[in-house]
Amino acid sequence: MKINWFSPLPPAKTGVALCTEALIPAIRKRARLTLWTDQQEWDDRLEQVRHFDPHSPPWRELNAADINIYNIGNNTEFHAGIWAVSRRHAGVVILHDICLQHFFAGIYLVKMEDPQGYRHAMRLYYGEDGRQAADEVLAHPRTGEALEQFSTRFPLTPLALENALAAVIHNRAGKQALTFQPQLPAFYLPLPYSPSAATRPIGPESKSGRKPPYRLVISGYMAPNRRLEPFLEAWAGMPEKTAFRLRVCGPIWDTNHIESRIRELGLEHFVDICGYMSVEQMKSELKQADLALNLRYPTMGEGSLTQLMIWEQALPALVTDVGWYGTLPRGTVAFVRPDHECEDICRQLRAFLENPHSFAEMGRQGYQTLQREHAPDRYAEAIVAMTAAAREWGLRSARLTMAKRVGEDMRRWMAPAASDTLATKLAHAIWEIGGYNQTVVRNSETGMAKWKSRPEVFQRAGQQ
Amino acid sequence: MRVVIATVKIPFIYGGAEVLADGLLQALRTEGHTADLVAIPYRHYPPERILDHMMACRLLDLTEAFGNSIDRLIALKFPAYLIPHPNKVLWILHQHRGAYDLWAHPQGGDLIQSPNGHVIRDSIHQADRNLIPEARAIFTLSANVSRRLKDGCGIDSSPLYNPPANAASFYCSEPSDYLFYPSRINPLKRQTLVLEALARTRHPVRVVFAGAADSPPQQQECDKAVREFGLKGRVQFLGHVTEKEKLRLYAESLGVVFTPLDEDYGYITLEAMLSRKPVVTCTDSGGPLEFVAHRETGLATESQPDALAEGLDEIWTDRNRARAWGLAGRKRYEELQISWENVVSHLLA
């Protein structure tokens, strides 16, 4: 079994690369795996890596695999080339984000400088509303406010799946977002993560023995949706604020602004801004912390590798009760409602002070969830199972593409009254070519051929 | 009987398949049947077009014409053999080889070089497997095509041989100093393999090639090989020759070289046998191997330049043996009773 896996690879600074790294041994136990990247450099410890040029993909090698798997997320830098191949060559698309408006805006407006293409895509999937939204985005290209406003309403996810045989999502709630393509097989797989063998999380008993001030940590890239600023505001308003210290481990979208807010809120003695950190440094920070902040709002439907790293250290975390985060098992994280953000942050911090042991237990539950749900072996099993189904999906995809093309052409010239009859015949022909397993029955006396279950054929073709 | 022959046609192309279709039409009419030829236009690129043509064939109705029933549909080529008919007989010249035996071949594969090629390939497989069995009988051009159909689709069939065009016109003359390779020039016919072999022969073997190149680069590749191997004076590329000239070239040759890769059938073998000439072919040449008995009517060598060179040297130097193998080839042809009458009787049974 041969699998082509398109993904950013380490040292690319993206969680998708880390996911891939975690999965490689598990998939290699079960199949021949070739990693494909359009990066110029990759970690030389990785084996069987091939470089591809998105403008001239290696079709022969793509066709020779049993399945091609494309990892697509919101970062144009890492995923534009992969998307370019995926739209021409059918395969399974792993969606690392459910809302891809930022990704496609980046491709059309920055990379391709094709505003008409962007407008066309928005109109194609969302009609006149989409076109108007596109016009607003185009009218305010610098502020990005319109983009933020429309990203969840017009996610443009279908554009990532236009040639997909099946979709994989890491967010259980995201399946609903794929209802626009009901015919597309869609699978939820928990984000894979391979805990470091060296990791021995500190048990809740020893963590609960700690004394104030407690150590808070927030890690990763600090975009506005990480809610750092609202957290600082809520925390600063608490009389118990001195019971905590916060370490900000990762680059901040606007460091000056955050530093000035920290001063304004009187938190300068309680917050350390640490800047960019390697994964290992980040893990070390998490290990020493008592509570992690992993808030997100809005969310693009992504799963959070950061959360899995938090669980790896058996660390409790505050998360926003939305998207992927909202689907996490109760008892493994502490939730903050997006519409009661300040109130809930304060409530949870007080709860922590009152009963640190229960939060430590939360971290332990998280660690168990990580081991149970997110094991790379489990993910790899599912990928291999998909490979077995890929041929059937391919036939189905060919049928649907043909039906769509024929339908679009017929619309231009076919009188509505006659279209039903012809459409039925066409559906029948498409179904036959694409894989209807019929049985031909021949009359032994006359030798005449006859379909065994013709009415059923028409019924199935009609449904198709 | 009212019979329609269904095939596909690429405009402006007239090759072996077209000759066969015309021959069958003539044979049916000669035997008193009302017969006509229906050729569906065909284009195999981009690959999605293949599916369009398959569907177009499925939508055709050839069960009657002007109220008169068509009693038998004889379908020859992919995707024309997908046309539905209650009394359909297939005489498959070949399937879409790019989806089967040539899928991964370095020169032969077209689908594998195309985006979504695997999806088109699987659709062709599925349609062939599901729809070929609609026919009341399945014949193929050769045992080689039958083997491929079995390997690719698990479908049984019987080979049915037909004579080359103008079979009665082939004759034999006193041989001159050349071997003859009549064929279109393309990578699957492997003219360059012959040139490589010529570079390794111990004797100054000469080969005359007749037939046009499918595209200019393919002729250029041969010309380059001639220069690189220093074969000037030992090979001749005549391009397209008339039928009369072809008959003479066969008749006056020492023997015929025909080294394609897995040929469906290969009229050239039969034409050589009709001309009483031995045939040098390769063990992976497909169709010719159904007729060439090694060291009885010719030679089947490995498709390596050294092995082929040895075979060419043998025919060149041992002319008595070459003559004997040629005569044996003609005798074998007679024994096979290859005739249009036989073809028609099977297709209309």
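**Figure 1. Contact between chains A and B in the predicted model.** In this predicted model, 26 residues of chain B are in contact with 28 residues of chain A. On the side of chain B that touches chain A, helices α2 (48-59) and α3 (117-131) of chain B each supply at least two residues. The largest share of that side, 10 residues, comes from α3(B). By class, the residues of chain B that touch chain A comprise 13 nonpolar, nine polar and four charged.

**Figure 2. The open, parallel sheet of chain B.** Six strands of chain B are arranged in the order β2-β1-β5-β6-β7-β8, and their pairing is parallel. Strands β2 (34-41) and β8 (158-159) of chain B form the edges, each pairing on one side only. Within the sheet, β6 (residues 88-94) and β7 (residues 137-140) of chain B pair in the parallel sense over four bridges. B:Ile92 stands opposite B:Thr140, a residue of β7(B).

**Figure 3. Helix α1 of chain B against the sheet.**

**Figure 4. Packing of helices α9 and α10 of chain A.** Helix α9 (residues 228-236) and helix α10 (residues 255-264) of chain A pack at an angle of about 5°, and their axes are 10 Å apart. The two helices, α9(A) and α10(A), are therefore roughly parallel to each other. From α9(A), A:Leu228, A:Glu229 and A:Leu232 meet A:Ile258, A:Arg261 and A:Ile262 of α10(A). The contact of α9(A) with α10(A) has four nonpolar and two charged residues, and no polar ones.

**Figure 5. Packing of helices α8 and α10 of chain B.** The axes of helix α8 (residues 267-274) and helix α10 (residues 319-336) of chain B are 7 Å apart, and the helices pack at an angle of about 110°. This angle makes α8(B) roughly perpendicular to α10(B). B:Leu270, B:Ala272, B:Met273 and B:Leu274 in α8(B) meet B:Gly329, B:Arg330, B:Arg332 and B:Tyr333 in α10(B). Five nonpolar, one polar and two charged residues make up the contact of α8(B) with α10(B).

**Figure 6. The largest nonpolar core and the surroundings of B:Leu179.** The largest nonpolar core has 226 residues. Those with the most contacts inside this core are A:Val92, A:Val93, B:Leu76, B:Leu90 and B:Leu179. Leaving aside neighbours within four places in sequence, B:Leu179 has contacts that include B:Val205, B:Val207, B:Leu254, B:Val256, B:Leu312 and B:Ile315. Also in contact with B:Leu179 are B:Arg206, B:Ser253, B:Gly255 and B:Val257.

How values were computed:
Residues numbered from 1 in each chain as written. Chains lettered and ligands numbered in written order. Predicted model: local features only at pLDDT ≥ 70, side-chain atom pairs only at ≥ 80, totals over all residues. Pairing = 2+ DSSP bridges. Contact = placed C-beta atoms within 7 Å. Axes fitted to C-alpha atoms, helices over the stretch in contact; angles between N-to-C directions. Parallel < 35°, antiparallel > 145°, perpendicular 65-115°, else oblique. Nonpolar A, V, L, I, M, F, W, Y, C, P; charged D, E, K, R; others polar. Core = buried A, V, L, I, M, F, W, Y, C linked by C-beta atoms within 7 Å. Buried ≥ 20, exposed ≤ 12 C-beta atoms within 10 Å, placed from the backbone.
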